[in-house]
Amino acid sequence: MPVRINPSILAADFANFERELGRISTADLVHVDIMDNHFVPNLTFGLAMTERLQELSAIPLDVHLMIDDPDRWAPGYAELGAYSVTFHAEAAKDAVSLARTLRDIGARAGIAIKPGTPVEPFLELLPEFDQVLVMTVEPGFGGQSFIESTMPKLGLLREAVTKTGLDVWLQVDGGITADTIVIAAEAGADTFVAGSSVFRGEPAEQIATLRAAATAHAH
Ligand SMILES: O=C(CO)[C@@H](O)[C@H](O)COP(=O)(O)O
Ligand SMILES: [Fe+2]
């Protein structure tokens, strides 16, 4: 199964995004964390900065919205050209309707769940989404430790995706390193977000290491 490695620019130098994007050119997508200091206790940036990243980036954008009222804001990220737009189930008023809007605009539609949110209610909704993001840390900050107790959710998702034959990517985000990526790949993930572990070292080397480990253990 193909795997995808998506570095999170939350761990990059915010004053040098153009240079930082150049350091991750071997990645599949660039993960862009949008935080509003309401849904999570941290603040990053919004539409204007993302629009500029879309212009600068040679690889597609994987937008992760950690914001209240995604029903209002998410379509704007699809309209600016983001390849994938993922919003949180806990914040959305009508997740299915929002996913349909995102797809109509031309983006892949993703739904994210926090570590404490059960996955079962979403299994029958899988045809409505292109990606499910199982958060492996509490959303809000980079550099946290991987929460392994989230892994059974991936098992359920992988089983449902295999059974239905749908093209739904299963993403993990938070605390992904060369060690934890093996656990997540074995559990069923195929799309991996990594911030600190990519930007802390030499990004091209880190991306290659993560890709090799995930490929060796993916389903
Ligand atoms: O969404 C988030 C955090 O809420 C992430 O995308 C982080 O940016 C991942 O950072 P690391 O855990 O890999 O440092
Ligand atoms: Fe993220």
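**Ligand shell and a helix pair in a predicted model**

The shell around ligand 1 in this predicted model is made up of nine nonpolar, 12 polar and two charged residues.

Colleague: Which residues are closest to ligand 1, and how many surround it?

Modeller: The closest are S8, L10, G142, G195 and S196, and 23 residues surround ligand 1. A residue is included because its C-beta atom, placed from the backbone, lies within 6 Å of the ligand.

Colleague: Which strands and which helix each supply at least two residues of that shell?

Modeller: Strand 2 (30-35), strand 3 (61-66), strand 8 (191-194) and helix 8 (196-199) do.

Colleague: What does UniProt list under "binding site"?

Modeller: The unreviewed entry lists H31, D33, H64 and D173. They are spread over 143 residues of sequence, yet they cluster in space, with a largest C-alpha distance of 10.6 Å. Of these, D33 is found in strand 2.

Colleague: At what angle do the axes of helix 3 and helix 4 cross?

Modeller: The axes of helix 3 (residues 70-79) and helix 4 (residues 95-105) cross at roughly 15° and come within 9 Å. Helix 3 is therefore called roughly parallel to helix 4, because angles under 35 degrees count as roughly parallel. The crossing is right-handed.

Colleague: Which residues of helix 3 and helix 4 meet?

Modeller: P70, D71, A74, P75, A78 and E79 in helix 3 meet L98, T101, L102 and I105 in helix 4. By class, this contact has seven nonpolar, one polar and two charged residues.

Colleague: What makes D71 and E79 in that contact charged?

Modeller: D71 and E79 in helix 3 count as charged because Asp and Glu belong to that class.

Definitions and conventions: Residues numbered from 1 in each chain as written. Chains lettered and ligands numbered in written order. Predicted model: local features only at pLDDT ≥ 70, side-chain atom pairs only at ≥ 80, totals over all residues. Axes fitted to C-alpha atoms, helices over the stretch in contact; angles between N-to-C directions. Helix = DSSP H or I, 4+ residues; strand = E, 2+ residues; numbered from the N terminus. Parallel < 35°, antiparallel > 145°, perpendicular 65-115°, else oblique. Left-handed = near helix turned anticlockwise from the far one by under 90°. Contact = placed C-beta atoms within 7 Å. UniProt positions renumbered as here; feature names shortened; annotations may be inferred.
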